[in-house]
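Try each task yourself before you read its solution.

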Amino acid sequence: MKTAQKGPPIPIFLIFVVGIFLFSIYYLYDAVTAFFNGSANASFQLFLGLFGFATSFLALAQFLKRLTMTPPPVPKILTTVECKNDGFKNVRPFAKGDYVFKTVENCQKCNEPMMITAIYVEEPPKKS
Amino acid sequence: MDGVFANLMFITLFSEFTLKVQSMFSSIFAQINTGDPTSLILQFFYLLSFFLFIFYGNRLQTYLMLREIGNAAGRLKGMKDTARNLAIATLKESTKEAIDPTPRIDHFLEYFTIMPASLDPTGIVPKLDHALDVRDQRFRDEVKLIAPTADDVKTNDIEGVLEVAISLNTIYRVVNHFYLLGKKTMSLYLIMQIQMQLPMIMEIAESYSVAIKAFADGQPIGDGAGALVAAKFMHGNETRKIAKDVVVAETQFEGRRLLVLKAEGPGSTVGKPGEAIKKLIDENEGKVAAVIMIDAAGKYEGEKSGETSEGTGAAIGGIGVDQYTIEEITLKYKIPVHAVIVKESVKESVSPMTKDIYEGTDIAVARVKRLIHERAKEGDIVIVAGIGNSVGIGQ
Ligand SMILES: [Zn+2]
């Protein structure tokens, strides 16, 4: 089966964007000097310079954002173990084989078997 | 009147346009006369891009959309490969024999079910039921064949893993199909069809990639909210099997006889609650005061997860077989069906259960108790059905 191709390799893309960035700075410089020299029409240099500057700056910013983007944190699953006898409660990381209402290890206080009462994801830091 | 007005508008616009073009050309000629070459070249490129955008704007948009779909297809490929590898790893660790499950899983990833013909819809539900039963049995046999030493709970969990891997594989195949088709035809409208739906597709795919880990480890998922509510009612009471993968326990609440049912945990299964409810009603010859169903249900964007609400009707998702069965039997004996739902997003329903949803089940328990108190008298029989996947939830 044919598969989807990825975009162009990053170096070519980067060279392209940096090239546009440098060119636009050159054009902007050109426009400014033309303005101070009082010479005629430099609006195209200005236009090209601004346009190139804006697009390449946005592209670079997006690229940097992607580079520094951290992968979403792996959800941490917590298991709550409770003792029916004296209400002793213990929250520990989820272990394979845990399930709600499973009878597990004995209570630290009264040595009676305890029970899993809840399994849920630890609240991630609020984002939305 | 309108026609005249439109004509006038057109003429004005058109003359303005010609004026613009004229002035553009005259400025070019002026610059030729002044002999400024850079300015001329820039003018040329400016005009060129202007016409390029007029004639090739659509094409450019098509390329951009196509690239977006291509990237999505690439990400989906990564997800389905990870899912496949996880399925293989899960199967490998649950069998002691040295058979490599890879080829069998690769075959199974494209397993499909053909829905019965709906041209003449009378009697389609039993056909559908039958098709799903065969599919289910086939899945179980397949897992038993690859991992004969796995116990029932593990078998159910592996089935869950396989289901999710198949779903991810299907999503990838569909998106990749549209990507390649779009590339071949360059048809904007063909590409648009899939591009518009990409955000939703990707969200579902991402939640499936999280879900598959939950199934492999046997963690409760959001969809299990209904099963958890039922488990809280039945815990500590003796259970018996009433239908395929469904258990029922009898308990008392304020003098009412409660028949509480849920899918048999802690393996991953939803069971056949429709059949179970039908059997329970038949066993009691229709003398049931109410059926109360608890299920996780989709929330609207902006609503809080874990909130509960109440309504009427058979609260059960899926393809509709169970809903049909419940509606038929409750209609026959004129038994009211009440629904309590725990709200969550589609993503949350297949991801490991969040604290909000867990706390929501406590509120749902309270609401069900209130319903029983209000909707049934002492000595009445009430069926409490917790709907949803019971992965990681015992009883
Ligand atoms: Zn204790």
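A few ground rules before we start. This is a predicted model, so local features need pLDDT of at least 70 and side-chain atom pairs count only at pLDDT 80 or more, while totals for chains, interfaces and linings use all residues. Residues are numbered from 1 along each chain as its sequence is written, chains are lettered from A and ligands numbered from 1 in the order in which they are written, and side-chain values use heavy atoms, with hydrogens and water left out.

**Exercise 1. Work out how much surface chain A and chain B bury between them, and which residues of chain A lose the most.**

Step 1: start with the contacts (heavy atoms within 4.5 Å). Chain A puts in 28 residues and chain B 37.

Step 2: turn to buried area, meaning the accessible area (1.4 Å probe) that two parts lose on being put together, summed over both. Here that comes to about 2,600 Å², with 65% of it on carbon and sulfur atoms.

**Exercise 2. Describe the polar links between the two chains and the make-up of the chain A side.**

Step 1: look for salt bridges (a side-chain nitrogen of Lys or Arg within 4 Å of a carboxyl oxygen of Asp or Glu). The rule turns up two of them across this interface. K96(A) and E93(B) form a salt bridge, with the closest N and O atoms 2.9 Å apart.

Step 2: see which elements take part, where helices (H or I, at least four residues) and strands (E, at least two) are DSSP runs numbered from the N terminus. On the chain A side, α2 (43–68) and β4 (113–121) are the elements giving two or more residues. β4(A) gives the most, with six residues.

Step 3: sort the residues on that side by type. Ala, Val, Leu, Ile, Met, Phe, Trp, Tyr, Cys and Pro count as nonpolar, Asp, Glu, Lys and Arg as charged, and the others, Gly among them, as polar. You get 17 nonpolar, seven polar and four charged.

**Exercise 3. Explain why F21(A) and F53(A) count as a stacked pair.**

Step 1: recall the rule. Rings of Phe, Tyr and Trp (its six-membered ring) pair if their centres lie within 6.5 Å; planes under 30 degrees apart are stacked, over 60 edge-to-face, and the rest tilted. Over all chains, the structure holds nine aromatic pairs.

Step 2: apply the rule. The ring centres of F21(A) and F53(A) are 5.5 Å apart and the planes sit at 25°, so the pair is stacked.

Step 3: F21(A) is in helix α1 (residues 10–36) and F53(A) in helix α2, so to speak distant parts of the chain, 32 residues apart.

Technical notes:
Polar contact = N/O pair within 3.5 Å; in protein donor to acceptor, adjacent residues only side chain to side chain.
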